[in-house]
Amino acid sequence: MWAGPAIAPEDLETWRRDPGVAALAPVLAVRRTTEAEAEKLIADFAAQSGDARDRKLALLFAGAFSLIDRERSEIISGIGRYARAQFAMASGIDEAQVQLSELLAIEAPDFDTQDRIEVMEDEILWKTRIYQDRQQSLTYVCETPVLLEKRAFWLARTIAGHAE
């Protein structure tokens, strides 16, 4: 994704030592900074970098990329936890449905069994609704890493475009 000046592996950490880079990288990494705002900030930064322009631009991308990559990793980790919770919820619903089926198979259920059937039906209904709502949210959450990757790619092209 980066076609600009070379970035050493240690640059993914050392970018914080440059005050200008350390101040600008977080601003560029957040999605609420529009592309137009980011473009102007990058152009101004490049213009003020003098002879160290290419090195500072490489550090700037390293910083922005590091921040975006960390956020992306945290989100993907959260998606994994979310998916495991969904799996557990689905298993719980399945178990409850099996128990309900067993209760419904009783030919002449007593009053307590009928109450238990009613409670289980309500419980299954609510758990299923929660599961479905969470499933819809998962679709949105899964789009976030893609948006972050697009942001990193756009930043790479934009920042590299200011290198000499």
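On one side of helix α3, Ala-36, Lys-40, Ala-47 and Gln-48 are exposed (over 50% relative accessible area; buried means under 20%, partly exposed is in between, with a 1.4 Å probe and protein chains only). This is a predicted model, where local features need pLDDT of at least 70, side-chain atom pairs count only at pLDDT 80 or more, and totals for chains, interfaces and linings use all residues. Residues are numbered from 1 along each chain as its sequence is written, and side-chain values use heavy atoms, leaving out hydrogens and water.

**Helix α3**

- Helix α3 covers residues 35-48, and its end C-alpha atoms sit 20 Å apart, which agrees with the 20 Å that 14 residues should span at 1.5 Å a residue. That expected span is 1.5 Å times one less than the number of residues.
- Helices here are DSSP runs (H or I, at least four residues; strands are E, at least two), numbered from the N terminus.
- The buried residues of α3 are Ala-38, Ile-42, Phe-45 and Ala-46. They fall within an arc of 95 degrees seen down the axis, so they line one face of the helix; the arc is taken from the directions from the helix axis to the C-beta atoms.
- What do those buried residues pack against? Their partners are α2 (19-29), α4 (53-104) and α5 (111-160), with contact meaning heavy atoms within 4.5 Å.
- After α3 comes Gly-50, with a positive phi near 60 degrees.

- Lys-40 pairs with Asp-44 in a salt bridge (a side-chain nitrogen of Lys or Arg within 4 Å of a carboxyl oxygen of Asp or Glu), the closest N and O atoms being 2.9 Å apart.
- Both residues lie in α3, 4 residues apart, about one turn of the helix. An α-helix has 3.6 residues a turn, so residues three or four places apart point the same way.
- Lys-40 is exposed at 53% relative accessible area, while Asp-44 is partly exposed at 33%.

- Across the whole structure, a search turns up 7 salt bridges.
- One of them joins Arg-55 to Asp-11, with the closest N and O atoms 2.8 Å apart. This pair links distant parts of the chain, 44 residues apart: Arg-55 is in α4 and Asp-11 is in α1 (residues 11-14).
- Is Asp-11 buried or exposed? Asp-11 counts as buried, at 2% relative accessibility, whereas Arg-55 is partly exposed at 42%.
- Glu-149 and Arg-72 also meet through their side chains in a salt bridge, 2.6 Å from N to O. Here too distant parts of the chain are linked, with Glu-149 in α5 and Arg-72 in α4, 77 residues apart.
- Glu-149 is partly exposed at 34%, and Arg-72 is partly exposed at 25%.
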